[in-house]
Amino acid sequence: MHLQAQAGLMTTYREPWRNRGVTGVLISVALIAFYCVLYWTEWLSPVAEALGLRNKWFLYGGLYSIGMIGGAAYMLRRHGTSRYHQVRLAVNVSIQVILGFALPYVMPWFEQPEYYFSYFWPLKYDALYPHTLQALPGYMAVWAVFGALVLAPAASLLFGKRWYCSWVCGCGALANTFGDPWRHLTPTSTASWRFEKVAIHASLVIAVVTTLMVVLGQTVGGTAVAGIADEMKQGYGFVFGSILAGVVGTGLYPILGPRVWCRNFCPMAALLGLTQKAGRFRIRVKPDMCISCGNCTTYCEMGIDVRAYAQNNESFTRASCVGCGMCAHVCPRGVLKLEAGQPLSVDLG
Amino acid sequence: MRIVVVGNGVAGMEAAQAARRQLPTAAISVVSEESDHFFSRTALMYVLSGQLSHAATEPLERDAYARLGLVRVRARAIGLDPARRLLLLAGADPLPYDRLILAPGSRARPAPWPGSDLPGVGSFVTLQDLAWLEEEIAPPKTTDRPPNEWAHLTSGASDSPYRRRRSAAQARGRRAERPVVIGGGLIGVEVVEAMLALGRRPTFLIRDDWFWPIALDAQEAGWVADELRAHGVDARTGTEVSALEGGPGGVERVVTNKGTIEADLVVVAIGVVPNTAWLGGVVPTDRGGGLLVDASLRTAVDDVWACGDAASVPMPDGSHRTEPLWYTARAQGRLAGRNASSPGAPAPYARGTWYNSAKLMDIEYTTAGQLDGDMWRFEEAGAVRSSTRIAHREGRVVGFNFLGRRWDHSVCARWIEEGRPVRYVVDHLRQAAFDTEFVLPLVVPNDRRP
Ligand SMILES: Cc1cc2nc3c(=O)[nH]c(=O)nc-3n(C[C@H](O)[C@H](O)[C@H](O)COP(=O)(O)OP(=O)(O)OC[C@H]3O[C@@H](n4cnc5c(N)ncnc54)[C@H](O)[C@@H]3O)c2cc1C
Ligand code: SF4
């Protein structure tokens, strides 16, 4: 077996549906229309009922799972020679199908709330609101707090943010399966990097402030605070939860690549990115072997100009890197290696 | 101070950047016939197959000239007047210089057979070759339009490696279906791989008894040949071409010592030669045309340096040689740029232990050092197929050849420089492993250790 072979990629730019051709644009329009219908109409509810599903969100969960599994089959047909991709996708898709769909569906049968064990604050923006926590059984509330404030950053320090973004998260799972055909469309320019840095850290600040306001409003604050907090909560849910994560994040897969949301707007990614910079994860560069071909940069779904580091012999850690492993996989000279072997550092630069 | 660099390949651009670091205000011009922007020649096969866009092959962002304050001169250099310190250009005024850095790279070794100038016959070294070959064999891309730089300069000579040729496919009204690739080396196998991706089953003609004999032994090459055949390539070893035949429409047959092969496209990949004929011998060269330089990369002509594929550099054994490699071109470019622009003592070119890596179809290849002496060999064929060959003399390692796994050549080179015993190296091989995560490590059983 050639467990690192790259042959699956070779005709990417000769497939119009993957290159903003008419089919690509139509797929994008269809995805955006789907999200608008899902979020702002009830048209899907009768469909869900007809299928015997509890509500339209489980219809969405089912479609999501089908998209992931189909996309994973496509992805592994192309890159299945990578052992890293095999293991990673098997874990990620299983977690999503089980924890993101099946378990929440059956939990009410055992008189438990529908709970998603694989989503944490701040991605799940309401997870730490006092009213949310109070409504949960104790072990779930503990998991929500522990997962967001201890587990996620600690694991990111040790293994990089990939433990979440490429191994657990549902947004990542869809991006790396259903979205994989378009990963080369992510912009790689310095300008896009500048936008990313501003946008994602602003998202984090907005998410933290909104959460703090809601916590205040639901605990000590008077009705005035609670009112403002409520509006912020609504606004955040609309802009981040629906528009940026769904309509833009997924709808624009065929135009701007599969990680628009993860790269520019996800507050969880921002937080884990900061801990990743201080942690042990890095991409190691073999000295003076890079031929500057550009495969790594092209196939980076986060738009990192990997080549810029590789051709300068710089091992590096970028906050946005989700550790999907594609750069190492596609490099025809075996220059790159993901590893979690650096000593912890306090350099947040 | 006026610095002129001929060539915007990796050597020329590294030289220009190094000179800029030394001299923040000097006027630095970069002359290029091939293209406006520096691109990665090593990525040509990926653009041909469709794995990369044209733009993706450019290692620097397009504002690089402006950012570095370099003047770009898109023109063909046609000679040198060292007495008046002028670089002569076709269709433009001569360019005066105080320091000249020559980095004109290499061109395809010309095909020696009758019929080599038929339409449908070409090489694969330049951007214009890529344009020609795409037209011959590949469906057009929908979004990735080739950059304008493809248009060859009308002032270019008819023997320029950067001339744009008409394809046989255009005259025929149909793309090539029966391609033949001549030359069993790295460029040959890259063209074959791209053609496979484009849905063709090329015939691959190799003169030697096995593929790439300067790098692989018969057993290693046998694996590559199996891989080629498994993908449907008609790989023929021991096959010597004597003529190419066809009509005005283009090539139709390749005549060899082992019979005649039908063909509607022939790519000749029999090596490269220094692209220095345009200098007309003004700068002394070795027998192959490589520009002779001393250890500081200076030529025998005053204030002229050379680097990259076109330079014939001194080797540790005292001989001079050209090395058509990306990493040597980069290192030499950097050094030539520094030495040509720095007032201090010139730094010498230090050619360390030889190494290289490649991908032969789907097989990863890494080499370091010299492969002569006694051999220790180990092959595995389980979850991973790999072949490891370690050469040693008097018990000390001198070279490595690896197929099927990734290795850190710098660790291997260090072992060679330290003169490590072969047993030590095999025991510590894991320190040089560079496989991606979850690939099971190489395990050498005790009774197979040297
Ligand atoms: C298909 C292919 C695959 C390769 N793969 C590998 C690989 O995997 N690993 C590796 O190490 N090496 C590889 N090489 C070799 C590598 O590309 C070269 O060693 C490297 O590009 C040399 O750089 P250079 O700057 O010396 O010359 P070049 O890249 O050849 O640049 C020379 C430049 O000089 C300019 N020029 C030349 N003559 C004139 C003139 N008369 N007037 C004006 N301008 C002129 C041209 O514009 C040209 O761009 C490959 C080469 C090819 C063709
Ligand atoms: S690191 Fe590998 S893929 Fe990236 S530019 Fe260098 S050789 Fe190409």
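Is Leu149(A) buried, exposed or partly exposed? Leu149(A) is partly exposed, with a relative accessible area of 49%. Here buried means under 20%, exposed over 50% and partly exposed in between, with a 1.4 Å probe and protein chains only.

This is a predicted model, in which local features need pLDDT of at least 70, side-chain atom pairs count only at pLDDT 80 or more, and totals for chains, interfaces and linings use all residues. Residues are numbered from 1 along each chain as its sequence is written, chains are lettered from A and ligands numbered from 1 in the order written, and side-chain values use heavy atoms, without hydrogens or water.

**View 1. A nonpolar surface patch includes Leu149(A).** Val142(A), Val145(A), Phe146(A), Leu149(A) and Val150(A) make this patch of about 420 Å². Patch residues have over 30% relative accessible area and no salt bridge; like charges are joined within 9 Å, and nonpolar side chains (Val, Leu, Ile, Met, Phe, Trp, Tyr) within 5 Å. A salt bridge is a side-chain nitrogen of Lys or Arg within 4 Å of a carboxyl oxygen of Asp or Glu. Leu149(A) is found in helix α6 (residues 138–159) of chain A. Helices (H or I, at least four residues) and strands (E, at least two) are DSSP runs, numbered from the N terminus.

**View 2. α6(A) crosses α13(A).** The axes of α6(A) and α13(A) (residues 267–278) come within 7 Å and cross at roughly 40°. Axes are lines fitted to C-alpha atoms, for helices over the stretch in contact, with angles from 0 to 180 degrees between N-to-C directions. The two helices, α6(A) and α13(A), are therefore oblique to each other. Angles under 35 degrees count as roughly parallel, over 145 as roughly antiparallel, 65 to 115 as roughly perpendicular and the rest as oblique. The crossing of α6(A) and α13(A) is right-handed.

**View 3. α1(A) crosses α10(A).** Helix α1(A) (residues 22–40) and helix α10(A) (residues 223–251) have axes that come within 8 Å and cross at roughly 155°. That makes α1(A) roughly antiparallel to α10(A).

**View 4. A cis peptide bond joins Trp121(A) to Pro122(A).** Omega is near 5°. Pro122(A) is found in the loop between α4 (83–106) and α5 (130–134) of chain A.

**View 5. Asp288(A) has a positive phi.** Most residues other than glycine have a negative phi. Phi of Asp288(A) is about 50°. Asp288(A) lies in the loop between β1 (281–285) and α14 (295–299) of chain A. Asp288(A) is partly exposed, at 30% relative accessible area.

Methods. Areas by Shrake-Rupley, 256 points an atom, 1.4 Å probe, with all protein chains shown as cover. Left-handed = near helix turned anticlockwise from the far one by under 90°.
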